[in-house]
Amino acid sequence: MPELPEVEITRRGIEPYLTGKRITGVRVSERRLRWPIPLDLAARVTGRRIVRVVRRGKYILIDCSANGHAGWLILHLGMSGSLRIMDARAKAQPHEHFDLLLGKRLLRLRDPRRFGAVLWEGGEIARHPLLAGLGAEPLEDAFTGKLLHAATRSRKAPIKLVLMNASIVVGVGNIYANESLFHARIDPRAAAGRLSLARYEALAAAIKSTLKRALAAGGSSLRDFVHSDGSSGYFQQQYCVYGRTGLPCRVCRTPILQLRQGQRSTFYCPACQK
DNA sequence: AAAAGGCCCTGGTCGC
DNA sequence: TGCGACCAGGGCCTTT
């Protein structure tokens, strides 16, 4: 379930407990995630010092490089994953599949649906197959309406599906795709290749502000990161369209409609979004 | 090349 | 009360 804001808040929450620390081992209780946790992971990471923790799309990347030898732990939370910092003595509960041991503390992955991932990359991180094809980071300055417009000229697919395509822009899942299109007043069914540059500029701005608002809402949970139950899910927020089928539009009172696009639910206001 | 559908997985909700 | 059906979701993979 986590989208970019949730992943970024998680990264910020764990970063202070990881950076500079020595990895003392791993504990794996369930190897079968989205892909199996590599059998040789313990041998790869044990003894390495964590240099920094970064994010690319929804991937959390733990840099363990040392004197010219690249090494990265790749984490993905899937839909139901969460990470917590815990005391090293804490016993694993059901669905807690993986620990990164850090001496007195550990980083624990809980993921009931097991769509998440724990992988290792010993070379250049940007060339990892899961990362190499990723599109623009929506919160970076390089992400603009112009970029979206250029990337969609040949696309006949509905704009909502294009927004959720990680090879174009990363981190925008179903919730924020719906919300961003509402704020940009764009019909989610509109063919991506037929939207004007001006409309893409409105859309890029809406994506940035929607994600930033969610980040701000999640920031309040940072202080309690170690103590929280880690099941934060989505931040307490008022959505405009997501999950509001039949309820009045917050702007014009028209009932919100729901439809299916790419086997996923779309929510929109038929009056505001054209 | 792009689009559409399948698949992975489990917790929660709903109807019978 | 219990059970099965169904939905949610990211993202890769295969097929069209």
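**Exercise 1.** Sort the lining of the largest pocket by residue class.

*Solution.* Start with the classes: Ala, Val, Leu, Ile, Met, Phe, Trp, Tyr, Cys and Pro go down as nonpolar, Asp, Glu, Lys and Arg as charged, and the others, Gly among them, as polar. The tally for the lining is then 19 nonpolar, nine polar and four charged residues. Keep in mind that this is a predicted model, where local features need pLDDT of at least 70, side-chain atom pairs need 80 or more, and totals for chains, interfaces and linings take in all residues. Residues count from 1 along each chain as written, chains are lettered from A and ligands numbered from 1 in written order, and side-chain values use heavy atoms, with hydrogens and water left out.

**Exercise 2.** Work out where the largest pocket lies.

*Solution.* First, the term: on a 1 Å grid over the protein atoms alone, a pocket is an open set of points where a 1.4 Å probe fits, with protein on both sides within 12 Å along at least five of seven lines, and lining residues have an atom within 4 Å of a point. Next, look at the centre: Lys58, Gly78, Met79, Gly173 and Arg264 lie nearest to it. Finally, domain 1 (4-127) and domain 2 (145-268), with bounds from an automatic or database assignment, both contribute lining residues, so the pocket sits between them.

**Exercise 3.** Find what touches the phosphates of DNA strand B, using polar contacts (N or O pairs within 3.5 Å).

*Solution.* Take the backbone: a polar backbone atom of lysine 156 is 2.6 Å from a phosphate oxygen. Then try side chains: an N or O atom of arginine 155 is 3.4 Å from a phosphate oxygen.

How values were computed
A polar contact is a pair of N or O atoms within 3.5 Å; within protein, one must be able to donate a hydrogen and the other to accept it, and residues adjacent in sequence count only if both atoms are side-chain atoms.
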